[in-house]
Amino acid sequence: MSYFNTGKMFLVPSLELEVKEREKIDKFLTLLNDSGVGEIINRYIKNNTSSGGRPGYSYYRLFATILYGFSFDRYTLRELEDACKYDLRYIYLMEQETPRYTKFCDFINKVIVPNEEEIFSLINLEIQKVTNIEFEDAFIDGTKYEANANKYKFVWKPIKHHKNLSIKIGSIIKEHNLIPNYNDEIMIKSSTVAYAISHLKEKEKEYDTITFYKLNKILSAFLDKVMEYEEKEKICGPNRKSFYKTDHDATAMALKADYYSGLGSNMHAAYNVQLLVIFSYHVSQSRTDINDFIDVLDKFARLYSYFPKRICTDAGYGSLDNYRYLYKRGIENYVKHQSWEGNKSGRNPDCYHLNDDDTITCLNGFIGHEVKLENRHPRKKEAVFYRITGCNSCLWMPFCKKYMRLQNEDFKIFEVVKDLERYKYQAQDNLCSPKGIEIRVNRSIQVEGSVWNN
């Protein structure tokens, strides 16, 4: 006996959505319609079927379907194609049309990618209008997302190899006087090697056949190698040291999952994504968050023509340049500094405090004054030296000098960036205020969940 054969034939399959589901989709379409995104899409509609020809798919429906699929179901384009055939929500969105995944891809590249920032800002402004959000507090955080590239196909920037090869080529050029008055280049250019080969051919009669052939062969091989190094250095650019063969924009970096699992040395093809909840984003090749803080705020100002009133982030963004950026633009500073957790818990406090009269006070209460050292230069930008004496009688000496080789000296030199310290104290006062506590709690709820769940 057959149990699973279809016993009933349907002449017209039911395509009715539940009322609640239809209301949700209608609200979604109304939001898109009121946002003004349709004006952007309208620029790309050129198909005039009144004079003949096959009518194309509705660009407005394509956009709504792509946005709905990416936002709520995280579909791939092939999954989106299947959903338009079998999922009632997408059948309703596309009005029973069934475009192929290639059509979605073409639409994304043609319409969405060139206008992504404008589309993003218009939809966000409409969300802000509908939900009546007063956007004064902003929260920034970042994470690294793995790229779709083979993890074993990364290439390091060949700076060391290029320098060593430059020394070899330079010695050959000077030994055979191939370039008059040649000055050594740290990173020799391919044009220099090509110039040396051309001069070698002009002096061919000065060498016997075997010597000339060997020398020409060596320099030609070096020329190929220098050109290879130059190409890799160009792909890497000035701000990173690696790229992937299958995705030149991806950079080798350790992901957060590796960091928290203790496998921080594992390298993956990845991008650094910064999110200013929920109104701005920035994708970069940077391995640290600290360099992307200004970029994500600049993008916010470019999209909406104003800055948020307050900014709250974790300690990964606390730097002098970032603090100055906030100060110059009148943004309230709720950015944790890198010693925030140590000071707050008391397990690893700062060893000194900068006073209003430009002196410093150490943990034991000794006063330090600014000094100039003849044989030592500051390692940090805009730093000055302070000297505190009396270390041998201080109970904090083992903690304060734990990283110093000479611990028997009765003094210690501190390297202090005055402006950075003042901005740190300002951020600390803000973060410990009632408003700062509220913002810190809100940040952990909003931005951490958004970054990890995307």
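User: In which sense do strand β5 and β6 pair in this predicted model, and over how many bridges?

Analyst: The model is a predicted one. In it, strand β5 covers residues 268–276 and pairs with β6. A hairpin of three residues joins β5 to β6. The pairing is in the antiparallel sense, and the number of bridges is five.

User: How many of the five residues of strand β6 are buried?

Analyst: A residue counts as buried when its relative accessible area is under 20%. Strand β6 is largely enclosed by the rest of the structure, because the buried residues among its five number four.

User: Is α8 roughly parallel or roughly antiparallel to α10?

Analyst: Helix α8 (residues 159–175) and helix α10 (residues 209–236) have axes that come within 10 Å and cross at roughly 150°. Angles over 145 degrees count as roughly antiparallel. Therefore the relation of α8 to α10 is roughly antiparallel.

User: What is the hand of the crossing of α8 and α10, and how many nonpolar residues does the contact have?

Analyst: The crossing of α8 and α10 is left-handed. On the α8 side the contact is made by I159, H161, H162, L165, I169 and I172, and on the α10 side by residues including L215, I218, F222, K225 and E233. By class, the contact of α8 with α10 has two polar and three charged residues, while its nonpolar residues number 10.

User: Are α12 and α13 roughly parallel or roughly antiparallel to each other?

Analyst: The axes of helix α12 (residues 293–304) and helix α13 (residues 320–328) come within 10 Å and cross at roughly 25°. Angles under 35 degrees count as roughly parallel. The two helices, α12 and α13, are therefore roughly parallel.

User: Which residues of α13 make the contact with α12?

Analyst: By class, the contact of α12 with α13 has five nonpolar, one polar and two charged residues. From α12 come F293, I294, L297 and D298; from α13 come D321, N322, Y325 and L326.

User: Is E421 buried or exposed?

Analyst: E421 lies in helix α16, residues 418–432. Leaving aside residues up to four places away in sequence, E421 touches Y352, L354 and V416. Its relative accessible area is 4%, and buried means under 20%. E421 is therefore buried.

Terms used
Residues are numbered from 1 along each chain as its sequence is written. This is a predicted model: local features need pLDDT of at least 70, side-chain atom pairs count only at pLDDT 80 or more; totals for chains, interfaces and linings use all residues. Side-chain values use heavy atoms; hydrogens and water are left out. Axes are lines fitted to C-alpha atoms, for helices over the stretch in contact, and angles run from 0 to 180 degrees between N-to-C directions. Angles under 35 degrees count as roughly parallel, over 145 as roughly antiparallel, 65 to 115 as roughly perpendicular and the rest as oblique. A crossing is left-handed if the near helix is turned anticlockwise from the far one by less than a right angle, and right-handed if clockwise. Contact means heavy atoms within 4.5 Å. Ala, Val, Leu, Ile, Met, Phe, Trp, Tyr, Cys and Pro count as nonpolar, Asp, Glu, Lys and Arg as charged, and the others, Gly among them, as polar. Buried means under 20% relative accessible area, exposed over 50%, partly exposed in between (1.4 Å probe, protein chains only). Two strands pair if DSSP finds at least two bridges between them.
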